[in-house]
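Grab a viewer and try each task before you read on.

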Amino acid sequence: MILYFSATGNTKFIAEEIAKRVDDETVDLLNRIKEQDYSEIYSEKPFVVCSPVHVCEMPRFLAKYLLKLPLTGNPNIYFVFTSGGYAGVAAALGRKMAKKKGMVYMGRAEFTMPRNYPVSRRYPLLPEDKNIERIRKAYSHVPEVAENIKNGVRIKVRRVTYFEKIITYPFNPIWVKYMHSAKPFYSTDRCIGCGKCVRLCPLNNIRLEDRRPKWEESCAHCMACLANCPVEAIEYGKITTKTYKYRFDKYWKDEKSPECRN
Ligand SMILES: Cc1cc2nc3c(=O)[nH]c(=O)nc-3n(C[C@H](O)[C@H](O)[C@H](O)COP(=O)(O)O)c2cc1C
Ligand code: SF4
Ligand code: SF4
């Protein structure tokens, strides 16, 4: 069973491509997380958790949810991370999670995908033509990962070093505390009041008031609201007015027409 959370489409793409090759189902965890639904998931095949990397870890709301979620049947669990190039300690935390859940850690795979975080000056989006290059490269890595999962082989990649762990563990909570404010979000007059941003927020941090979104304070900066607004009506301060908004499906339709843009 392939479980995934994806805010802007990168992880969903990789999860679905793996699922096709291992002949298994995907479960989008978004609504389960929103509803805090902890009903058991049973699988005869190994579990594969697919997640974006947020500040060098699996998003904490996802890790917290997965830790409590009963996964029964096959005891083996793989982790698949998509990132903008550095997955930090996500893998080490995946291993820890497997142990806490009494499951067998089968390794992790990492896919470097386009960056999706337009609200940061420090980690800006890539030039748009680089996005398709990254997607193509990641796509070519899927069969190898899927083959390992299909054959029940442990995926062996570089281990996260002790040095990385001691620098990275404290970084996440500090960054999140000071950088993940939802206050600068607003909607422009383009907003049509469709409520998609409300439906896509994993933390239920957005409500509609007079058909316009209002953001509360509990935000993971996942970018699902900003990226998926059908009329691009969501901005974050001034910074997003000066850049494009990344969403996977603007860059890829299928392998035969990868540069198709909507
Ligand atoms: C809040 C936030 C933090 C991120 N932190 C990292 C990071 O530490 N390292 C990295 O390489 N990419 C980072 N990224 C980029 C995403 O991991 C990457 O674009 C991912 O593929 C997005 O997946 P999704 O489209 O499924 O949401 C971050 C993105 C966000 C929104
Ligand atoms: S998704 Fe966009 S158009 Fe729809 S309510 Fe939210 S801001 Fe408005
Ligand atoms: S409000 Fe924050 S947590 Fe919710 S979708 Fe937007 S960026 Fe993600």
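A pocket, on a 1 Å grid over the protein atoms alone, is an open set of points where a 1.4 Å probe fits, with protein on both sides within 12 Å along at least five of seven lines; lining residues have an atom within 4 Å of a point. We're working on a predicted model, where local features need pLDDT of at least 70, side-chain atom pairs count only at pLDDT 80 or more, and totals for chains, interfaces and linings use all residues. Residues are numbered from 1 along each chain as its sequence is written, chains are lettered from A and ligands numbered from 1 in the order written, and side-chain values use heavy atoms, leaving out hydrogens and water.

**Exercise 1.** Describe the largest pocket and its lining.

Step 1: get the lining. It has 29 residues, with Val53, His54, Val55, Gly84 and Tyr117 nearest the pocket's centre. Helix H1 (10-22), strand S6 (76-83) and helix H6 (162-179) are the elements that each supply two or more residues to this lining (helices are DSSP runs of H or I with at least four residues, strands are E runs of at least two, numbered from the N terminus).

Step 2: get the volume. The space comes to about 590 Å³, taken as what probe spheres set on the points fill, with grid points joined across faces, edges and corners.

Step 3: sort by class. You'll find 15 nonpolar, 13 polar and one charged residue in the lining (nonpolar is Ala, Val, Leu, Ile, Met, Phe, Trp, Tyr, Cys and Pro; charged is Asp, Glu, Lys and Arg; the others, Gly among them, are polar).

**Exercise 2.** Work out where the second largest pocket lies relative to domain 1 (2-165) and domain 2 (181-250).

Step 1: start with its volume, about 430 Å³. Of its 21 lining residues, Thr8, Gly9, Lys12, Asn228 and Asp249 are closest to the centre.

Step 2: check the elements. H1 gives the most to this lining, five residues.

Step 3: note the classes: nine nonpolar, four polar and eight charged.

How values were computed
Domain bounds come from an automatic or database domain assignment.
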